[in-house]
Structure formats: C-alpha cells, structure tokens
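After that, we'll turn to one of the helices.

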Amino acid sequence: MQQQIDYVKSKGPIKDGPKNALILGASTGFGLASRITAAYGSGAKTIGVFFERPSEPDRLGTAGWYNTAGFHAAAKRDGLYAKSINGDAFSDEVKRQVIDLIKADLKQVDLVVYSLASPRRTHPRTGAVHKSCLKPTGTKTYVSKTVDTDNSVIVPVAIEPATEQEITDTVAVMGGEDWEMWIEALNAAGVLAPGATTIAYDYIGPEVTWDVYHHGTIGRAKIHLRQTAKRLDAQLKAHGYGRALISVNKALVTQASSAIPVVPLYISSLYKIMKAKGIHEGTIEQIQRLFATQLYNGNSVNFDSEGRARIDDWEMRPDVQEEVKKIWPQITTENLRTITDYDSYETEFLKLFGFGLPGIDYDADVEPHVTLE
Ligand code: NAI
C-alpha cells in the first residue's frame, strides 16, 4: 500500500482530477490502484466497495481487507476522506448503502470506477446465481500449455468449449449489466455530478491467449462491457453529464488474472521482455499513467478505432509481441526461470498477500484483527 502511495506521490499532482470518487472493486488489483491514484494524485475523497472477509479476533481476513485497512490508516494520517462498504456490489442493498453514504458525506461523485472481477453474481432481479467461466467458445477444444504454479512445472492444458448457458452466465457476471445498474441507480438518486466520468477495464492480450480469453467466454463478457460503455456514454451525454469509458489495460498479476489458464505463463514471458526494454509497469504505474496522460491533467483520451483508451499500448507493441511469439514455443520446465521471468511472477503473486516484502519479520506474532478506521 505504502509503495503504491509513494509511487503516485513521486509522480506529482494530477490536475483537474476527480474530487469525489466511487471505486467498485477497490480492495485489490486495478481498483485499488485507481483508489490510490484518485486520492494521492488528485486529493480525491474516495468511497471503496469490495467483497472481502473481514478479520476477526484470532481469524485472518482476506488480503483486500488488510489493503483497505492500510489505505484507511494512510488516508487518515494524510487528511484524506476514505470510507468503504464491504458487501456484494451486485446487490440492490449495497447500491442503496452507497447512495446513502454519498448523500450524507459527499453529495455527489464525479468518478465511478467499475473494477469488479468475480466468479459469480446473484442477479438482483431474478435471484439466479450466474457463475463465470474461462473457456473457449465455438466448437474447438483449446489446447495450449501453462505453468502449474504450485509445482512450477509446465503442463499441457486442454479446455472444452463453453456451452451457450456458460457463455450467458459469464456475460451476466463480467459483462456490463451491473455497471449499467450502478450508473442508473446513482443517476436516479441525483448523486452523479454533472460531467462525471465512469470507466471500466478491459483486456485484449496476445494471440496465444485469444482462444481462451479474447474469443472466449470472458471475451464475450468484455464485448458486452464495451457495448454498455457506448450506451452509457450516450445516456450521460444526453443528460448533459459526462462520459463512460473503457480502458484496455496490461496483463498483470492479480488474484483475478492468476485464475486464468495460460495467463500466468504469458505474464512471466511478458515481464522478462518488458523489463529488458525498460517498459514494465504494475497496476499503479498503469493507472497513474491513465489518469495523468489521458483522463485528467488537461489531456484527452487517446481513443483507438473502437473508442477505447489504451494503456496496454506498451504490452501490445509489435516488438514486444514478436518476442513473446518467439519464446513461447521454447518454454519448458527446465528453462522456465531463465527464458521467462517466472521468479517475478512468483514474487508479485506473494506480494498480493503481503509476503516477500523486505524488512518484515514474518515470524513475529501479530494481531490479525484489524478494523477499518
Ligand atoms: P482483482 O481480483 O484484483 O479485484 C477484484 C475486485 O472486485 C476486488 O476488490 C474484489 O473485492 C471485488 N469484488 C469481487 N466480487 C465482488 C462483489 N460481488 N461485490 C463487491 N466487490 C467484489 O481483479 P483485477 O485483476 O484488478 O480486475 C479488475 C478488472 O480489470 C476486471 O474487469 C478485469 O477483467 C480487468 N483487467 C484485468 C487485467 C489483469 O491482468 N489483471 C488486465 C486488464 C483488465
């Protein structure tokens, strides 16, 4: 947490940035980086929403709980407003709680970041439980290789195509329906500031992952997310309000991405290549760059042909992708740590849970129960 805060501060203020930000999915990954960038780049008051297990006396909470406790403590120290709601963002109840909190404390929000990544969603209207899956669509089984991260060995992977129901379910979880419900609810309650920005995160990635990602079930959900962005953008503009955007981000180690077959091995290769070229970034570098060079600071969004902001531009550089293609067929268990940067993948993964940080005595007794101040 402190490393991310220090990074944003080191880059200087982001002018004309958000003043009151609502971050959905604020406890880890890109959402956490968005919260830190809004708060420490632009001095924004932030409300964070997430789904984490809180700590209890003698019982550990999940990593995102401690991330948020760390953020709250830092924000308090630095005189920044920070409140959080831990609950199911897909539910009407949490939407109501957030609206009440905005009305009571902030009156309106001018930035809504939609950064949820979830394995399931209970639909607030039908009560149906939709489960997302990571599978190819179409008729062909996806065959590739991946790294078994428990044993650090390369293993083959074969994934059968999704059924129509699985595609529908994945779109229901990771598509744009809930994002739209949020914006409608905030708008109807009058808590969306004129000129507000809302943004959701997308991924495209390299051809080696396309069959399971870009053209897979999650890719279908992302198409729905993009269509939703266009609709929301038109609605917000028609009301004289702001803009709804999609940003395509870089592949990075997060709890969500580690669950995707093939992606950990691709990330290990990518890190090696991007570090050698001096263009490697983590979530905080990505989001700070997005806010500082595209969303705010007097800059405008550098839209691609489909109207999306791109901060995966360095990942997708032809020279980077050529090298990925070159080393991909050569990767074996024996050379995993030399031709890819699997060591960094492991380090980054452990760091998500607070492990492997210098200066920490991991043998010391600690009180696991931490409250959000
Ligand atoms: P993450 O796993 O680090 O974070 C997910 C967040 O969603 C957490 O704060 C979690 O508490 C919250 N959440 C999950 N279910 C919830 C629920 N029911 N109610 C409230 N909060 C809930 O995920 P990550 O990787 O940061 O993903 C965020 C977005 O960024 C996703 O749309 C993902 O597709 C996208 N993205 C991720 C990339 C990556 O490589 N990690 C690359 C490009 C885009």
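A residue is called buried if its relative accessible area is under 20%, exposed if it is over 50%, and partly exposed in between, using a 1.4 Å probe and protein chains only. This is a predicted model, where local features need pLDDT of at least 70 and side-chain atom pairs pLDDT 80 or more, while totals for chains, interfaces and linings use all residues. Residues are numbered from 1 along each chain as its sequence is written, and side-chain values use heavy atoms, leaving out hydrogens and water.

Start with the ligand. Its shell has 30 residues, and S27, A89, K222, L252 and T254 come nearest (near means a heavy atom within 4 Å). By type, the shell splits into 14 nonpolar, eleven polar (Gly among them) and five charged residues.

| Residue (backbone atom) | Ligand atom | Distance |
|---|---|---|
| G87 | nitrogen | 3.3 Å |
| A117 | oxygen | 3.5 Å |
| L252 | oxygen | 2.8 Å |

On its own, the ligand has 840 Å² of accessible area (Shrake-Rupley method, 1.4 Å probe), and the protein covers 93% of that.

Now for helix 11, residues 318-327 (helices are DSSP runs of H or I, at least four residues). Which of its residues are buried? They are V320, Q321, V324 and I327. These residues sit on the same side of helix 11 because they cover an arc of only 130 degrees around the axis, judged by the directions from the axis to the C-beta atoms. On the other side, P318 and K326 are exposed.

Definitions and conventions. A polar contact is a pair of N or O atoms within 3.5 Å; within protein, one must be able to donate a hydrogen and the other to accept it, and residues adjacent in sequence count only if both atoms are side-chain atoms. Helices (H or I, at least four residues) and strands (E, at least two) are DSSP runs, numbered from the N terminus.
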